[in-house]
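Biologist: I'm new to this one, and I'd like to learn how to read it. Could you walk me through a few features?

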Amino acid sequence: MEKRLRLALPLLILLVAGGCTNAVQSGRNTALDSMDLTQMTDQMAASISASPKVQAAIARTGPLKIVVQPVQNEMTAEVLPRGQADAFTGRVRDLLSKQAHDKFIWIMNRDAFYALRQRELEVDLGPSPEAINPDYALTARFLTLTHETSKMRTSAYLCVFELTNLNDRTLLWSDKYEVKKTAVKEFLD
Amino acid sequence: MTATTQSDSSSASLSFSRPACRARRAVLAKQLIRVLSWLLAPVSCLLFLGCGPTPAERQAERAVTDYFMGNYPSAENLLRPLAAKTNEDFVLNNVRLGSVALANYDLDTAESAFLRAYEVINSFGVNNGGRSLGAAVVDERIKVWKGEPYERAMVNFYLGLIYYMRGDYGNARAAFENALFKLRDYGEETKDGKKSTDSYREVETNFALAYLMLGRCYQRLNREDEAHKAFARAVDLRPDLEADADYRRNDESNLLLVVDFGFGPRKTTSGDGALVGFRPTPREQGPIPTPMVLVDGQMMNVAGVARPPVDLLALAQDRRWQSIDTIRAVKSAVGTGMIIGGAAYGAMEHNPNPWVTLGLIAGGIALKATSQADVRQWEMLPRTVFLVPLRLPPGRHDISVQFPAVPGLSQTWYGLEVPPNGEATYYYRMLRYNTGPFNWPPPAMTRPATATVQ
C-alpha cells in the first residue's frame, strides 16, 4: 500500500502541476478560428476566380478595380474586433493578388487612404485627384444564430461575401460559408 | 475475591486476542500515519507556501488602491505587466486593467484588456486537467478566474461600451447581447432540467442596462424594429425605466453620459471559509441615490431618466450553487469530522495511539485548510451604471455630475465636445477622491488613434 502511495502521490502532484495549462491554452469557444479563416477565404478566392460573371466582366472591361471593406458584424453575441474583421476580406484579396494578379486592381479603402495620407504627410492635402476610383466593392457580412444555456453554447454561422458594382449597384458575384460550432461547458466553467 | 477471580478469568480468556488485536491496531495505525504523512506533506507545503499574498497580488492590491484614489496612470502601470501573464489571474488582471484604462480614457488599452478577458470567459474547458483537479483537491485559487456571472456580464457590458464610444455599433450590440447570455448561468434551468423563466426574468430585471444599450445600438444601426423590441423589453422588465427607454429621447440625444456609481458586491466567506456569499445586500446598503447633472452651470432635468438600470448588489445575491461549492462543503465537513474524531479517540480510548490522534487532527486541519473558498473578485465594479441621454447644442460644454445625497461625491469635466452630427459618449467613474475638474481631452486621449466623438 505504501509503495502504491509513493507512486501515486508524485503522479498526483505531477498531474496537478504539470497538467496545468495557462489561461489561453486549453479553452474552446464558438468563435471563428484560424481554420475557418483559411477554409473560408480559400473557398471565396477560388469562387471569385472561377465565376463566369467575373470572368466576363474582366474580358469586357479589363482588370476589375476593387475596394475591400472589413467584415460587417451582424452576429448575435459574437464580437469581431477590427483586426479580425479586416483579416477575412484581406486574405481573399491577398489570395487573388497572388493567383490572378493581372485580373484585379486593388484599391485602398478611402478612409484608410486619407488617414494614412494625413498621418504620413503630416498635412491634410484634401482629396487626391490622382486617386483611382474603384468600380467594385468586396464586402462580407457575418451572421449567426447563437444560443447559450448553462450547459453549452452553439453558434450557427452564415458568412456572405459579395462583389458589388459601385456604379449600378448590381451584384456581380456572391458566395457563402456556413459552419456550426458548439462548445460544451465543463466543470468550473 | 469472586470479582478478582472473574477479572482474572476474563483476562485469561482474552490473553490470546488482546496482544494480537493491539499488534493489528499498531500496524493499522502505522499505515494510517504513513498514508496521512504522504498526503499531508505536500498539502502542508502548499499551504505554508501559499500563505500570504504573493508579490503579484500585492502589486494588484496597490493598483486597486490607486484606482480608488483616482490615480489611474499609476494603476495602469502596475496592472499592465500583471495582465500580460497568462496565469490563473489572467482574466482578473485584465478586467482590472480594463476598468482603470476606461476611467483613464485610454480606450485602446481598455478594449484590448476587456477583449482578452472576453475571449477566455467565452471559452470552455479553460481549467481542464491539472487545474480542475488542483482546484478541487488543493486550493480553489489554482483555477483560472473567470468571475461570477454578474462579473462576466459586466466584462461584456464594458467591452460593448468601449465599442459604442468608438461608434462600432455592430460589435457594441454583440457585446451587450453576450452580456445577457452570461446571466443565463444564474438560473435558467431548474433541478428537473426544465427551464425556469421566472428566475431568469428576475435576473434580467436587474440587468435592464443591457437592453437599454442594445436599443441605442440598434437605433444607430438603423434597425428600428429591433430597437423598439429592446426598449420594450427593458420597460417590460422594469416599468420605472419608461423614460430611459423612450425611443425618441434616445434617438434624438447627441450626448450620452455613462455614470458608474458606488461599489459592487464584496465576495465573503461564511462560517469556516468554505461557503461563499456576497455583501452587502441591497437592503443593507440602502436605496441608490439619484444623480444631478449640470451643463454649463445649469441644472438639467434628468429626474425621469436617471434611474439605476442595474443593481449589482441584487444581481450577486442570485449566485447559483456550483459543483466546486459542494466539494468544498464536503471537504470542510469531513475535516471537521476528522478533527472531532481524532480528539474523541485521544480522549476516550484507554491507550490511544498518539499518532492516530495527531494524524486525524492534522488531516482534518489540512482538509479544512484546502476547503477555503476562492474570494478573488473584480473590485472596481460599481453598484450601478446610470445612462443619461441628453440633447445639447453642438460645441463644448462643462458638465458636472453630482449626487446630493452623498456629500462630496461629484465629478466635473470642462470642454466636453458635443458633435454637430452623431453622438458623443462620456464615461464618469464617481469616486470621492476623483472629483476633478478635468479638462477635455484627457492626456490619454491626446495620443494618436484614439477618439470617442463620432
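Biologist: What percentage of the residues of chain A count as buried?

Modeller: Keep in mind that this is a predicted model. In chain A, 26% of the 189 residues count as buried.

Biologist: How many helices and strands does chain A have?

Modeller: Chain A has five helices and six strands. Starting at the N terminus, the order is α-α-α-β-β-α-β-α-β-β-β.

Biologist: Now, how do I read a pair of packed helices?

Modeller: Two packed helices are described by the angle between their axes and by the distance between those axes. Take helix α2 (residues 34-50) and helix α4 (residues 82-99), both of chain A: their axes cross at roughly 50° and come within 9 Å. That angle is why α2(A) is called oblique to α4(A). The crossing of α2(A) with α4(A) is right-handed.

Biologist: Which residues of α2(A) and α4(A) meet there?

Modeller: On the α2(A) side, they include A:Leu37, A:Met40, A:Met44 and A:Ile48, and on the α4(A) side A:Phe88, A:Val92 and A:Leu95 are among them. Sorted by type, the residues of this contact between α2(A) and α4(A) come to 10 nonpolar, three polar and two charged.

Biologist: At what angle do α11 and α12 of chain B pack?

Modeller: Helix α11 (residues 208-220) and helix α12 (residues 224-237) of chain B pack at about 160°, and their axes are 7 Å apart. An angle over 145 degrees counts as roughly antiparallel, so that is how α11(B) and α12(B) lie to each other. Their crossing is left-handed. Among the residues that meet are B:Tyr211, B:Leu212 and B:Tyr218 from α11(B), with B:Ala230, B:Phe231 and B:Leu237 from α12(B). The contact of α11(B) with α12(B) has 10 nonpolar, two polar and two charged residues.

Biologist: And the sheet in chain B: in what order do its strands come?

Modeller: This open sheet of chain B has three strands, in the order β6-β1-β9, with mixed pairing. The edge strands are β6 (384-390) and β9 (424-429); each has a single partner strand, so one side of each has no neighbour in the sheet. On average, neighbouring strands here are turned by 15° against each other, direction ignored.

Biologist: How many bridges join β1 to β9(B)?

Modeller: Six bridges join β1 (residues 255-261) of chain B to β9(B), and the two run parallel. To see one of the pairings, look at B:Val259: its bridge partner in β9(B) is B:Tyr428.

Note on methods
Residues are numbered from 1 along each chain as its sequence is written. Chains are lettered from A and ligands numbered from 1 in the order in which they are written. This is a predicted model: local features need pLDDT of at least 70, side-chain atom pairs count only at pLDDT 80 or more; totals for chains, interfaces and linings use all residues. Axes are lines fitted to C-alpha atoms, for helices over the stretch in contact, and angles run from 0 to 180 degrees between N-to-C directions. Helices (H or I, at least four residues) and strands (E, at least two) are DSSP runs, numbered from the N terminus. Angles under 35 degrees count as roughly parallel, over 145 as roughly antiparallel, 65 to 115 as roughly perpendicular and the rest as oblique. A crossing is left-handed if the near helix is turned anticlockwise from the far one by less than a right angle, and right-handed if clockwise. Two residues are in contact if their C-beta atoms, placed from the backbone, lie within 7 Å. Ala, Val, Leu, Ile, Met, Phe, Trp, Tyr, Cys and Pro count as nonpolar, Asp, Glu, Lys and Arg as charged, and the others, Gly among them, as polar. Two strands pair if DSSP finds at least two bridges between them. A residue is buried if 20 or more other C-beta atoms lie within 10 Å of its own, exposed if 12 or fewer, and partly exposed in between; C-beta atoms are placed from the backbone.
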